[in-house]
Amino acid sequence: MPDAVIETIDLRKRFGRVEALRGLNLNVPAGSICGFLGRNGSGKSTTMKLLLGMVRPDGGEGRVLGWPIDDPRASVEIRRRTGFVSEEKGLYSYLTVEQMIQFTRPFFPAWNRALEDRYRRLFELPAERKIKALSKGMRAKLALLLALARGAELLILDEPTDGLDPAANEEVLQALVAAAAEGVTVFVASHRLAEIEQIADCVRILHDGRIVLAATLDELKENYRRIQLVFAGAAPAVTVTLAGMVEVRHEGRAVSVLVSARAEAIADELQRFQPISTELLPVGLKEIFLENVKRP
Amino acid sequence: MLWYKNWLETRGRLLAIWLPVFLGFALAIALAIRSAAWLVPAPGAPHGGALVAGPGDRAAELANWWAFWFGGTLPFLLAALGLILAPGGLVSESALGSVSFSLSLPASRRRQFSVRAALLLLELLATALWTTLLAAGLGELLGHPAPWSVALVQALLTALGVAVLLSLGFLLAALFNDWAKPLALGLGLFLGGSLLVNLMASFTEVGQRLGRFGIAALRATYEFLFNDSFFIAGHFPWRHALACVALTLILLELAIRVTERRDY
């Protein structure tokens with residue numbers, strides 16, 4: 001298996017006049033849980049569909065598990081080794097839960113019966129109930145079972161916890177962590193940043209059709225800081241621009257500086273403004289996300 | 001498992017057609033057993049005939065019974081079946097939200113489409129054969145020796161004609177990514193065209209010629225697709241059969257290619 005399970009170079013996709021992806025350079029390391037973040041309509045689902053051959057790229061190239069994404073035969077091989085949960089969690093409404101599992105199982109030679117039984121029990125799925133009679137949460141759980149039990153090398157999940165109650169949510173997150181511990185790569189798109197922070201090893205932020213941030217969570221935690229400067233009187237205008245500074249906010253007697261690197265060096269540089277106190281505060285993923293997806 | 005899934009998807013609709021047809025035949029057979037004259041179409045009546053009592057010329061009765069069956073009833077039944085069974089597959093799943101699941105399976109679009117089309121064609125053929133068997137049985141009970149093997153071959157030929165229409169439906173649905181729009185468009189064109197031609201025919205010589213041409217074209221298409229000459233004349237219509245098979249395959253291949261190129 002290559003180092004990068006998913007790799008795209010300058011991937012492009014246009015829908016009519018709308019350019020959904022404008023040169024996507026995506027890299028997902030093998031064995032990681034990688035959070036894929038972006039605003040609504042940013043192209044996350046389109047990216048996942050491109051990776052699985054549901055949508056054809058207009059330019060660039062991509063590989064999943066070493067197979068090219070734009071070759072129909074290779075795409076079948078990719079899907080044989082990949083578990084996918086779409087945002088809609090759409091399944092065949094006329095089948096029962098049992099029939100759905102029986103239908104899906106033979107497609108995947110590596111199907112794991114032990115995992116199937118485990119998640120049947122854990123998710124408490126009623127075998128004889130028709131899918132159209134399932135609640136949204138139950139459908140989501142069934143979709144996850146069908147993805148997790150495939151014995152896949154890669155899981156591509158689009159909002160997998162959408163519609164789940166907190167207990168089920170936690171079960172799913174633990175299932176993803178367990179899968180990753182077995183060597184499965186998990187590529188998950190989610191708006192629930194707290195969950196991504198909880199389980200992910202790395203994040204990729206998509207904005208304006210491109211990846212604007214690609215880093216491990218450890219790197220983000222280490223590099224991103226908010227420098228809080230407090231002044232005796234009104235805060236001076238901090239107009240200096242230093243490498244690593246992302247955003248400066250003036251708030252009465254305080255100046256707050258978001259930095260993406262060199263936090264201590266920047267804090268030292270800012271002492272020229274003679275603050276009475278200087279603090280380096282950790283920054284959460286939400287703030288990093290919001291900063292990176294600001295409209296131009 | 002694709003066969004299994006498509007069977008589960010269509011079996012309800014299939015049985016919804018089969019059951020009343022079977023019951024209709026059962027009732028007709030029961031009535032025929034009770035009164036042989038009751039269901040004999042009027043002698044000399046063209047395709048279809050009226051349900052009147054009284055036997056007439058036996059050769060004419062036999063011809064009219066099978067003209068009723070092959071000339072209109074069976075084609076109509078199979079066309080209705082095709083219309084009811086056809087909606088589904090990736091086109092419908094696209095609207096219902098399950099297409100992403102189907103396309104995430106390690107089965108090419110060609111394979112998924114082909115299995116569905118093949119199953120529908122088999123269901124069409126099975127319907128043609130068993131209903132024709134019952135029709136032959138009913139004919140026997142009416143005292144008209146039925147040419148069983150000939151009837152079955154004719155049923156196959158009728159099914160081939162409907163297969164062409166079904167394949168055209170598949171292609172249009174693939175092009176529109178919708179089942180309702182092609183049907184609505186087809187009906188609209190047919191009704192609008194008929195209205196226009198009829199209006200023109202009332203006022204202009206050109207309109208009258210168009211009208212006659214249109215009717216002739218429709219009749220020719222109908223007779224090409226639902227060619228019952230084998231039953232009547234006994235000569236197997238090789239050209240017709242091969243043409244239907246070729247048309248069906250070409251239309252299906254075009255539909256598959258459209259499906260393969262579509263973004264979902």
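**Ground rules**

I number residues from 1 along each chain as its sequence is written, and chains are lettered from A and ligands numbered from 1 in the order in which they are written. Since the model is predicted, local features need pLDDT of at least 70 and side-chain atom pairs count only at pLDDT 80 or more, while totals for chains, interfaces and linings use all residues.

**Chain A, overall**

I looked up the secondary structure and found 10 helices and 15 strands in chain A. Helices (H or I, at least four residues) and strands (E, at least two) are DSSP runs, numbered from the N terminus. The C-alpha trace of chain A spans about 70 × 40 × 35 Å along its principal axes. Of the 296 residues in chain A, 40% are buried. A residue is buried if 20 or more other C-beta atoms lie within 10 Å of its own, exposed if 12 or fewer, and partly exposed in between, with C-beta atoms placed from the backbone. I also checked contacts (C-beta atoms, placed from the backbone, within 7 Å). Among the contacts in chain A with a separation of 6 or more, 69% are between residues 24 or more positions apart.

**A sheet in chain A**

I traced an open sheet of four strands in chain A, in the order 13-14-12-15, with antiparallel pairing. Two strands pair if DSSP finds at least two bridges between them. Strand 13 (245–251) and strand 15 (277–282) of chain A are at the edges with a single partner strand each, so one side of each has no neighbour in the sheet. From one strand to the next the twist averages 20°. Strand 13 of chain A runs antiparallel to strand 14 (residues 254–259) of chain A, and six bridges join them. One bridge I looked up pairs His250(A) with Val255(A) in strand 14 of chain A.

**Where chain A touches chain B**

I found 21 residues of chain A in contact with 18 residues of chain B. On the chain A side, helix 2 (72–80) and helix 3 (97–104) are the elements that give two or more residues. Helix 2 of chain A gives the largest share, four residues. The chain A side divides into 13 nonpolar, four polar and four charged residues. Ala, Val, Leu, Ile, Met, Phe, Trp, Tyr, Cys and Pro count as nonpolar, Asp, Glu, Lys and Arg as charged, and the others, Gly among them, as polar.

**Helices 6 and 10 of chain B**

The axes of helix 6 (residues 148–176) and helix 10 (residues 238–261) of chain B come within 8 Å and cross at roughly 20°. Axes are lines fitted to C-alpha atoms, for helices over the stretch in contact, and angles run from 0 to 180 degrees between N-to-C directions. Helix 6 and helix 10 of chain B are therefore roughly parallel to each other; angles under 35 degrees count as such. The residues of this contact divide into 18 nonpolar, four polar and no charged.

**Helix 3 of chain B**

The buried residues of helix 3 (residues 89–96) of chain B are Gly89(B), Leu90(B), Val91(B) and Glu93(B). They pack against helix 4 (99–103), helix 5 (109–141), helix 6 and helix 10 of chain B. After helix 3 of chain B comes Gly97(B), with a positive phi near 95°.

**Gly193(B)**

I placed Gly193(B) in helix 7 (residues 180–203) of chain B. Gly193(B) counts as exposed because it has 12 C-beta neighbours inside 10 Å.

Definitions and conventions: Contact = placed C-beta atoms within 7 Å. Parallel < 35°, antiparallel > 145°, perpendicular 65-115°, else oblique.
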